[in-house]
Amino acid sequence: YQSSSRVSFDGVKSSWEDGDCLNVIVDGLEGVHLFGYDAATESKFVCDNLVMPAEQCDVYAYYGVEAADINLADKTAVATLGAAEQTQDIQTPMAHIAEYDVLYGKAESADSRNIQIAMNHTIAAVKINLDSSLQDVVTIKSITVTAPEGVVLAGNYVINPSTDEITLADNAEVA
């Protein structure tokens, strides 16, 4: 499986692809475990040779976060959300979106034989349609989005699945 992967986004919804991965923490086990998506398993993520510590346990999953950025003690992760600049490729206009959308989730007292985790998105996609009433063809090369002072559009954040909070990291470089 790929250690850094991404889901595809069709402009409306995200879909898992063969080879996508989740970094998973299981209460009672040491470390972060890599679960890989395998379309042949009917939409399941699998981790070979993992013995669950109990019939029920808490499970935390991250998509788009490297294992090194996950704090095992408090089950949080630091991730860069969004980007100051994004470039849209006309050939694959949605490809840039999935790259910035970190997913996270938690399952409390999950059945170790059938873990189900609802994954949460960390960003929102904005679709802009432009119509021109000009007779000449106009080529738009960029759009600038601004926010009120004190609102951070992109930066380093701490994701906490236990509280469902996403907060600006102390050492955040913001855009």
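Student: In this predicted model, how many of the six residues of strand 11 are buried?
Tutor: Strand 11 covers residues 155–160 and is largely enclosed by the rest of the structure. Buried here means under 20% relative accessible area, and the number of its six residues that count as buried is five.

Student: Which strands does strand 11 join by bridges, and in what sense do they run?
Tutor: Five bridges join strand 11 to strand 8, residues 76–81, and these two run antiparallel; in that pairing Leu 81 stands opposite Gly 155. Strand 11 also pairs over four bridges with strand 12, residues 165–168, where Asn 160 stands opposite Glu 165.

Student: Which residue takes a positive phi in the hairpin of strand 11 and strand 12?
Tutor: That hairpin has four residues between its strands. The residue with a positive phi, near 60°, is Asp 164.

Student: In the open sheet of six strands, which are the edge strands?
Tutor: The open sheet has the strand order 5-4-3-6-9-10, with antiparallel pairing. An edge strand pairs on one side only, and strand 5, for its part, is joined to strand 4, residues 33–38, by three bridges. The edge strands are strand 5 and strand 10.

Student: Which residue is the bridge partner of Tyr 37 in strand 5?
Tutor: Strand 4 and strand 5 run antiparallel, and one of the residues bridged across them is Tyr 37. Its partner in strand 5 is Phe 45.

Student: What kind of aromatic pair do Trp 16 and Phe 45 form?
Tutor: A pair of aromatic rings is described by the distance of the centres and the angle of the planes. For Trp 16 and Phe 45 the centres are 4.9 Å apart and the planes stand at 85°. Trp 16 lies in the loop between strand 2 and strand 3, and Phe 45 lies in strand 5, so the pair ties together parts that are 29 residues apart in sequence. As planes over 60 degrees apart count as edge-to-face, the pair is edge-to-face.

Student: How many residues apart in sequence are the parts that the pair of Trp 16 and Tyr 63 ties together?
Tutor: The ring centres of Trp 16 and Tyr 63 are 5.2 Å apart with planes at 80°, so this pair is edge-to-face. Trp 16 is partly exposed at 28% relative accessibility, whereas Tyr 63 is buried at 1%. With Trp 16 in the loop between strand 2 and strand 3 and Tyr 63 in strand 6, the parts are apart in sequence by 47 residues.

Notes: Residues numbered from 1 in each chain as written. Predicted model: local features only at pLDDT ≥ 70, side-chain atom pairs only at ≥ 80, totals over all residues. Heavy atoms only, no water. Phe/Tyr/Trp six-rings, centres within 6.5 Å; stacked < 30°, edge-to-face > 60°. Buried < 20%, exposed > 50% of the residue type's maximum accessible area, 1.4 Å probe, protein only. Pairing = 2+ DSSP bridges.
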